[in-house]
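Please keep the sequence and the model in view while reading.

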Amino acid sequence: MPPPSQLAIATGAVTRLLKEEASYRKELADQEAQVKKLEESIRNGGGDGDGNAEFMLKQNKTAVEQTKAVFGPLKDRIAAAVTKLEDQISLAEEAGGSEDLENAKDVLGRARAKA
C-alpha cells in the first residue's frame with residue numbers, strides 16, 4: 001500500500017481539527033449546563049449535601065474558562081490547516097487531479113462553512 005499523499009494528509013488534518021472543535025463545543029455546552037445546575041441548586045438553598053457546592057461551582061467555572069481558552073489557538077490551527085489544504089488542492093488540480101481531490105474539496109467546504 002503506497003503512503004498517503006500530501007493531499008490526503010492535509011485533508012485528514014482538517015477533518016481531525018474540525019472533529020476536535022466539535023468535541024470542545026460539546027464539552028463546553030455540558031460544562032455550562034453543569035454550572036447552571038449548580039447555581040440553581042445553590043440559589044434554591046439545596047447545595048450538594050457535603051457543603052462544598054460553592055467550591056464545586058468555582059471549579060466548574062474555571063473549567064468553562066479553560067475550555068473557552070482552547071478555541072483561539074484551535075481556530076488558528078484550523079486556519080493554517082485549511083491554507084495547507086488549499087495549497088494541496090491547487091497542486092493536485094495542476095497535476096491532473098486524483099481520487100482524493102473530491103474528498104479534499106468536500107472537507108474544505110465544511111471547514112469554510114464553520115469559519
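Which residues in H1 meet H3, and which residues in H3 do they meet? On the H1 side they are Leu-7, Thr-11, Val-14, Thr-15, Leu-18 and Glu-21. On the H3 side they are Leu-101, Asn-103, Ala-104, Val-107, Arg-110, Ala-111 and Lys-114. The model is predicted.

**Helix H1**

H1 covers residues 6-43. The helix has 38 residues and spans 55 Å from first C-alpha to last. Just after H1, Gly-45 adopts a positive phi of about 80°.

An unreviewed UniProt entry places a "coiled-coil region" at residues 14-41. In the model, that stretch is 100% helix and 0% strand. Its end C-alpha atoms lie 41 Å apart.

The buried residues of H1 are Leu-7, Ala-10, Thr-11, Val-14, Leu-17, Leu-18, Glu-21, Leu-28, Gln-31, Val-35 and Leu-38. Their cover includes helix H2 (53-94) and helix H3 (101-114).

**How the helices pack**

| Pair | Angle | Axis separation |
|---|---|---|
| H1 and H3 | about 30° | 10 Å |
| H2 and H3 | about 150° | 10 Å |

The angle between H2 and H3 makes this pair roughly antiparallel. H2 passes H3 in a left-handed crossing. The crossing of H1 and H3 is left-handed.

What does H2 bring to its meeting with H3? H2 supplies Val-82, Leu-85, Glu-86, Ile-89, Ala-92 and Glu-93. They meet Leu-101, Ala-104, Lys-105, Val-107, Leu-108, Ala-111 and Arg-112 in H3.

The loop between H2 and H3 holds Ser-98. Is Ser-98 buried or partly exposed? Its relative accessibility is 35%, so Ser-98 counts as partly exposed. Ser-98 and Leu-7 are 91 residues apart along the chain. Their C-alpha atoms are separated by 9.2 Å.

Thr-11 sits in H1. Why does Thr-11 count as buried? Its relative accessibility is 5%, and the cut-off for buried is under 20%. Beyond its neighbours within four places in sequence, Thr-11 is in contact with Leu-85, Asn-103, Ala-104 and Val-107. Leu-85 is among the H2 residues that meet H3. Asn-103, Ala-104 and Val-107 are among the H3 residues that meet H1.

Thr-67 lies in H2. With a relative accessible area of 5%, Thr-67 is buried. What does Thr-67 touch, leaving aside neighbours within four places in sequence? Its contacts are Tyr-24, Glu-27, Leu-28 and Gln-31. Leu-28 and Gln-31 are among the buried residues of H1.

Leu-38 belongs to H1. Leu-38 is buried, with a relative accessible area of 11%. Not counting residues up to four places away in sequence, Leu-38 touches Met-56, Leu-57 and Asn-60. Leu-38 and Asn-60 are 22 residues apart in sequence. From C-alpha to C-alpha they are 9.0 Å apart in space.

Technical notes:
Residues are numbered from 1 along each chain as its sequence is written. This is a predicted model: local features need pLDDT of at least 70, side-chain atom pairs count only at pLDDT 80 or more; totals for chains, interfaces and linings use all residues. Side-chain values use heavy atoms; hydrogens and water are left out. Helices (H or I, at least four residues) and strands (E, at least two) are DSSP runs, numbered from the N terminus. Buried means under 20% relative accessible area, exposed over 50%, partly exposed in between (1.4 Å probe, protein chains only). Contact means heavy atoms within 4.5 Å. The expected span of a helix is 1.5 Å times one less than its number of residues. UniProt positions are given in the numbering used here, feature names are shortened, and annotations may be inferred rather than shown by experiment. Axes are lines fitted to C-alpha atoms, for helices over the stretch in contact, and angles run from 0 to 180 degrees between N-to-C directions. Angles under 35 degrees count as roughly parallel, over 145 as roughly antiparallel, 65 to 115 as roughly perpendicular and the rest as oblique. A crossing is left-handed if the near helix is turned anticlockwise from the far one by less than a right angle, and right-handed if clockwise.
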